[in-house]
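Here is a short note for a colleague new to this model. Please keep the structure open while reading the points below.

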Amino acid sequence: RLGLARTGVAMGIRRRGALRVGTPARVFDDVVIVDWSAASTPRLGRDSIWIGHASATASEPLNVATRGQALRVVGDRLVDLIRQGRRVLIGFDFPYGYPRGTAEQIGLSGERGDEPPWLRIWNELASLVTDGPTNANNRFEVAAELNRRGACFWGRPATSNAEVPPTKQPFTLPEFRATEQRLRSQARHPKSVWQLSGAGSVGSQALLGIPIVRALRFDERLADVSRVWPFETGFAFPRDVQVVHAEIWPGVVQSDATAHAIADARQVLTLARHFHEHGEPELFSAGAGDVEAAVEEGWILGAV
């Protein structure tokens with residue numbers, strides 16, 4: 001399993017091997033953007049995992065074949081940057097949360113009621129998802145299990161036998177989060193986290209990606225210097241940590257057609273360079289006042 005043991009929000013707890021917090025700058029020295037993939041076999045090139053890195057020094061995007069490799073590469077890069085005293089924004093291109101009410105509807109309360117809804121869901125996915133070294137995974141079976149509890153996943157491909165509807169069904173939870181509704185009101189069209197397959201879908205990426213972000217956030221080398229926006233920071237610019245995790249979506253900026261020959265690589269380079277140059281504090285207040293977004297749904301950085 002990729003998931004770690006269940007854990008609460010590790011605020012202010014120092015463990016052996018953890019890095020010390022330096023004095024953070026008010027801008028990001030480095031921005032790391034990851035274009036994710038839910039592929040079930042190792043894959044390079046188009047529709048695979050690409051990692052873009054923007055800093056004062058130009059760098060080429062990195063292409064990796066498996067999610068396990070991506071976890072190791074990104075984790076080691078973050079550790080190296082923090083040891084240099086640098087301040088980093090790290091973003092993956094899938095939803096970090098589910099529509100408001102999801103945690104309660106799928107039964108994630110009770111003994112974990114002292115945890116915020118986003119963390120209950122993160123911990124549950126880490127316990128349910130299996131993702132092997134060659135990308136073999138059980139994402140459709142996990143979606144089917146969560147649907148039995150009241151979730152709304154759809155989009156089973158013909159290659160899967162999981163009990164997930166192949167097409168959209170009536171929703172018992174919101175189809176979109178507030179951040180997606182805002183973008184859609186601007187004639188931009190991010191997909192719903194409930195959609196598992198099809199062009200532009202992000203549901204499978206989120207099921208397989210959230211355990212990865214969780215592993216990075218609670219990595220003992222990084223936990224004390226990391227926070228997830230807006231779940232742990234509120235809708236404010238996080239000035240007091242060195243690693244800021246934030247959800248991103250390629251559609252918030254126009255991709256630079258000259259950046260790379262492969263579209264996925266162009267997207268990570270464009271976003272990394274954009275947020276390195278334009279990571280203004282105002283971006284982090286976009287959802288201010290929306291309590292459910294801050295504790296369960298999350299927000300796309302740049303959706304203003």
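1. Start with a buried pair. Phenylalanine 153 and tryptophan 194 are both buried (under 20% relative accessible area, with exposed over 50% and partly exposed in between, for a 1.4 Å probe and protein chains only).

2. A word on the source. This is a predicted model, where local features need pLDDT of at least 70, side-chain atom pairs count only at pLDDT 80 or more, and totals for chains, interfaces and linings use all residues. Residues are numbered from 1 along each chain as its sequence is written, and side-chain values use heavy atoms, with hydrogens and water left out.

3. Next, the aromatic rings. The structure holds 17 aromatic pairs (rings of Phe, Tyr and Trp, the latter by its six-membered ring, with centres within 6.5 Å; planes under 30 degrees apart are stacked, over 60 edge-to-face, the rest tilted). One of them joins tryptophan 118 and tryptophan 122 edge-to-face, at 4.8 Å centre to centre and 85° between the planes. Both lie in helix H3 (residues 117-128), four residues apart, about one turn of the helix (helices are DSSP runs of H or I, at least four residues, numbered from the N terminus). Tryptophan 118 has 2% relative accessibility, so it counts as buried. Tryptophan 122, at 0%, is therefore buried as well.

4. Back to the opening pair.

5. Which residues do ring pairs link into a cluster? They are Trp36, Phe92, Phe94, Tyr96, Trp118, Trp122 and Phe231.

6. Now helix packing. The axes of H3 and H4 come within 11 Å and cross at roughly 130° (axes are lines fitted to C-alpha atoms, for helices over the stretch in contact, and angles run from 0 to 180 degrees between N-to-C directions). H3 and H4 are therefore oblique to each other (under 35 degrees is roughly parallel, over 145 roughly antiparallel, 65 to 115 roughly perpendicular, the rest oblique). Glu124, Leu125 and Leu128 in H3 meet Val142, Leu146 and Arg149 in H4 (contact means heavy atoms within 4.5 Å).

7. Compare another helix pair. H1 (residues 67-83) and H6 (residues 203-217) have axes that come within 10 Å and cross at roughly 30°. H1 and H6 are therefore roughly parallel. Arg67, Leu71, Val74 and Gly75 in H1 meet Leu208, Ile212, Ala215 and Leu216 in H6.

Definitions and conventions. Helices (H or I, at least four residues) and strands (E, at least two) are DSSP runs, numbered from the N terminus.
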